[in-house]
Amino acid sequence: MPTFEPVLSRNWNVADGHTLSVYESRGGYQAARKALTTMDPDAVVNLVKESELRGRGGAGFPCGLKWTFLPKDRKETLMCINADESEPATFNNRFLMEKDPHQLIEGILIACFATKATTAYLYLRFEYIHAYKILEEAIAEARRAGHLGKNIYGSGYDLDLWVHRGAGAYICGEETGLIESLEGKRGWPRIKPPFPAIEGAFRKPTVVNNVETLCCVPHIVERGASWFKSIGTPKSYGPKLYTVSGHVEKQVCVELPLGVTCRELIDDHAGGVWKGRKAKAAVPGGISMGLLSADELDTPLDFESLRKPGCLGLGTAAVTVIDDHTPIIDYLLNTSRFFAHESCGQCTPCREGTGWMEKTIHRIKAGGGRIEDLDVMLHMANNLGIIPGTTICGLADGAAWPIKNAV
């Protein structure tokens, strides 16, 4: 593979890279100035749409297209930044916020200008205490320097940005669950439609974007859509932060073009499988995406290719390696326990199905398994996740997919 120049992580190893002075000295906020002073909002939307930037939060929905769903006659727009990052083994957003918070703030500024949002809420995972302190300091720096507030860069555009800490619930990573929590209510996903673009936070048109998605935006404005599409694979363009953990010699967060393989990440960046063992399987993008077997580790990790071996998608690109000494039933027990605990309980198939799944796997683990349990588990998985419309959000799909792959 040709040498890849880091983009999102270019300031990570620079001394005091999280400060405004260092960020500005390395070209920071120039893209925002360009957008606010030389472009109109529609031009920014069209540029991001042309780049085919896909959301990095899990679903991979085109970012620019999402922005066009806002009503044309809206009087007020809100932006919610999803920094809840509760998918197990995922920590790329944490690195972005702790090591280069101003890159995120610049991305938020450009995205808010493009969507005509004047208030933005950064919904932060509660456990990210260090990130919270860094973000609050960075936002204060940006306000003092005129990158946030009134009449930014003399353009007449105003923006307020506030950090809102979550309450430790996985379900609040779902965009409408996030909005409910932001409003001070229980984090229950909403029935859609209406979608947040029509009726979101406080019943106003709202855009919800992931941290890494917005961090890509300044670079697209700075370098253009063609540059962005020169990285990655067809339909999966741009750089991506991959995290690798589990049974490897070292846990890493590494930036590479979309389309690298699990094997490359494990062997070239994570020091190989630990203790000289071999990989039995790997989770390609967070546990809700399913499993790759040892024979499937050369599958490109992008939005399209992972569907071929039967995974739900790329998800958060959080690779978790399982060695050949680990029973898959142990992985399934941990996974099913997690989803049963994190189900909000609003939808019957998810509330009851995840619980029954955990009980069944726990019985198998304890030695009481029957061969017909495999058919029972598949039946439960299919009724949880594969039938459209059975649940309000995607948690049930995420709970079902590891079962299907593992069986």
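A salt bridge is a side-chain nitrogen of Lys or Arg within 4 Å of a carboxyl oxygen of Asp or Glu. Glu304 and Arg307 form one, with their closest N and O atoms 3.8 Å apart. The model is predicted, so local features need pLDDT of at least 70 and side-chain atom pairs count only at pLDDT 80 or more, while totals for chains, interfaces and linings use all residues. Residues are numbered from 1 along each chain as its sequence is written, and side-chain values use heavy atoms, with hydrogens and water left out.

**Salt bridges**

- The structure holds 23 salt bridges.
- Glu304 is partly exposed at 30% relative accessibility, and Arg307 is partly exposed at 44%; buried means under 20% relative accessible area, exposed over 50%, and partly exposed in between (1.4 Å probe, protein chains only).
- Arg190 pairs with Glu183 in a salt bridge of 3.0 Å, N to O, and Arg190 is buried, with a relative accessible area of 13%.
- Arg203 pairs with Glu199 at 3.2 Å, N to O.
- Both ends of this pair are partly exposed: Arg203 has a relative accessible area of 46% and Glu199 has 31%.

**The second largest pocket**

- About 230 Å³ of space lies in this pocket, a volume being the space filled by probe spheres set on grid points that are joined across faces, edges and corners.
- On a 1 Å grid over the protein atoms alone, a pocket is an open set of points with protein on both sides within 12 Å along at least five of seven lines, whereas a cavity is a set where a 1.4 Å probe fits but cannot get out.
- The second largest pocket has 14 lining residues, meaning residues with an atom within 4 Å of a point.
- Ile287, Thr320, Tyr331, Asn334 and Thr335 lie nearest the centre of the second largest pocket.
- Helix α12 supplies the largest share, 5 residues.

**A nonpolar surface patch**

- Ile371, Leu374 and Val407 make a nonpolar surface patch of about 280 Å².
- Patches consist of residues with over 30% relative accessible area and no salt bridge, with like charges joined within 9 Å and nonpolar side chains (Val, Leu, Ile, Met, Phe, Trp, Tyr) within 5 Å.
- Leu374 lies in helix α14 (residues 373–386) and is partly exposed at 37% relative accessibility.

Conventions. Helix = DSSP H or I, 4+ residues; strand = E, 2+ residues; numbered from the N terminus. Areas by Shrake-Rupley, 256 points an atom, 1.4 Å probe, with all protein chains shown as cover.
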